[in-house]
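Hi,

Here is the structure I promised to pass on. Have a look, and my notes follow below.

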Amino acid sequence: MSQTTPPTRRLSPLLFAVIMIALLVALVCIWQGLVLFLDQGYSDIVSLYLSVGLVTLAMSTYMMYQTRKRMVRIISMEMQPLSSTVQCTKCGFKNIREFKRGDFVFKETEEICPKDSLRMVISAIYREVKDKDKAKENAY
Amino acid sequence: MLPILQTLLQGIFPSGDNIIGWIFQVVFLGIFVVFMFYGQRFQMMIMVREVESSLFKLKFMRDEARKTAITNVKEIGKLEGDPTVQIDRFLEYFAISPVDLDPSGVIWRLEHMLDVRDIRFKDDVKLMAPKADDTQINNLENMLEATLALNVIYRVIRHYYVLGKKTLSLYVIMQLQMILPLIMREADAYAAAQKAFMLGQPIGDGAGALVAAKLMQGYEKTKVEKDMVIAEVPIEGRNAYVLKAEGPGGNVGKPGEAIRQVIEKKKGKISLAILVDAGLKLEGEKTGEVAEGIGVAIGGPEVDKYKVEEAALKHNVPVNAIIIREDVGDAVSPMRKEIVDAIDGVIERVKRVILERTKPGDSVIIAGIGNTIGIGQ
């Protein structure tokens, strides 16, 4: 099996250079068009500069946006935070903390109940989905 | 600003001797002609690009999962040497399903094959991680299985992608592009599952096991075949045999066999069997919703389902099912709060069903089905 490919490899230096050159050409064309327009008024060459500049600007921005979108999608594979509820079996006192490796439901922990001085038990381990995602799920 | 706009419009919609306008017209006509002949090719190029992008993501997921698996096996197993070769061999494992042309006895042949596969997987994991305890072995095995699933998905998608490009077949690429969103969801779920298995976190599929674990708290538990635990719990004046897979390692056990054994041991004197499991929800339904029904709520290769149906039919035991709804992604990724919150409601439902359908003094079976990773008893 092949080695891990870093996500940044997707944006090749060549593609990046092409986008940057196109962006530069677009800006120069627009600038030149505007200078000529202010200097001489309307002419075919002004129209050519502005049209080429705007079309190139639109195309390079779109390409940049597409590349960025793909990279963001790949990089967003992060783990969601998990919570462990530690509970006293006698008084029901609860403490919610971050999940630690080795935690499991009904595990007796080293944590002591502040009221009964008894060792507390993990009563639940769960992850919470962001409200935004929940709203999307419950939209229909 | 207005004169600039006018200049542009004059360029695009020519009048008289506007050369730029004519250039636009010619370019427009050229594009029209090119699209008439090569439209389908362009469409295919766009689809290929989309598939390529997803394939890249799948490759990244597979490689990350493999890297995580190697690191984790090294860390837990404390093997002298590098387990990479063994892990790579594991990721290429396959299982051939039994012949179903002659369906007689296919369940037993399938069970045998699954047992052999399970033993082989466990033995390999033990060789990779000789210092790991039973719980860690189960978690590592589950983690490697999730990595294997990601590897299979990546290889299959790559196969059709390359095939589509080689044959220039729009229909191969089109089918792939259409089904990819569903496959990507599944791959995302496996990637999340791999991390959950690595850390021993409870997953959504363990909802049934969590219900059983809560019911058997404080009662004596005994181990039964295979990888299952059972406790006799008095519920509403009835004697309930509560079953679940042995945790907290990643394990589904053999609930079908365990239920059959309890029914046989009690000589069929079981008034009711209730199976609690995570059930796939339809889009639009809420995660953690609880539903009741009849039948054997056990997923997977159906060997266990068959055994329960056989035993229930033989001894005329009514089988009820309670499911906690969740989607496939939630089932294999760390358990959501909505599922945990639904557990007490499920226990109430179990008690209500027992009260409605049995008499005091009766014996009932309550089986919590699902992977018990991160859930003790």
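In chain B, strand β2(B) (residues 228-235) pairs with β3(B) (residues 238-245) in the antiparallel sense over 8 bridges; strands are DSSP runs of E with at least two residues, numbered from the N terminus, and two of them pair if DSSP finds at least two bridges between them. This is a predicted model, so local features need pLDDT of at least 70 and side-chain atom pairs 80 or more, while totals for chains, interfaces and linings use all residues. Residues are numbered from 1 along each chain as written, chains are lettered from A and ligands numbered from 1 in written order, and side-chain values use heavy atoms, without hydrogens and water.

Back to the strands: β2(B) and β3(B) make a hairpin with 2 residues between them, and Glu236(B) in the turn has a positive phi of about 50°. Ile235(B) sits opposite Arg238(B). β3(B) also runs parallel to β7(B) (residues 363-368), joined by 6 bridges, with Asn239(B) partnered by Ser363(B). Since 7 of its 8 residues are buried, β3(B) is largely enclosed by the rest of the structure (buried means under 20% relative accessible area, with a 1.4 Å probe and protein chains only).

Now the cysteines. How many disulfides turn up over all chains? The search finds 0, a disulfide being a pair of cysteine sulfur atoms within 2.5 Å. For Cys88(A), the closest cysteine sulfur is in Cys113(A), 3.6 Å away, which is too far for a bond. Cys88(A) is buried, at 2% relative accessible area, and Cys29(A) counts as buried too, at 12%.

Cheers

How values were computed. Buried means under 20% relative accessible area, exposed over 50%, partly exposed in between (1.4 Å probe, protein chains only). Helices (H or I, at least four residues) and strands (E, at least two) are DSSP runs, numbered from the N terminus.
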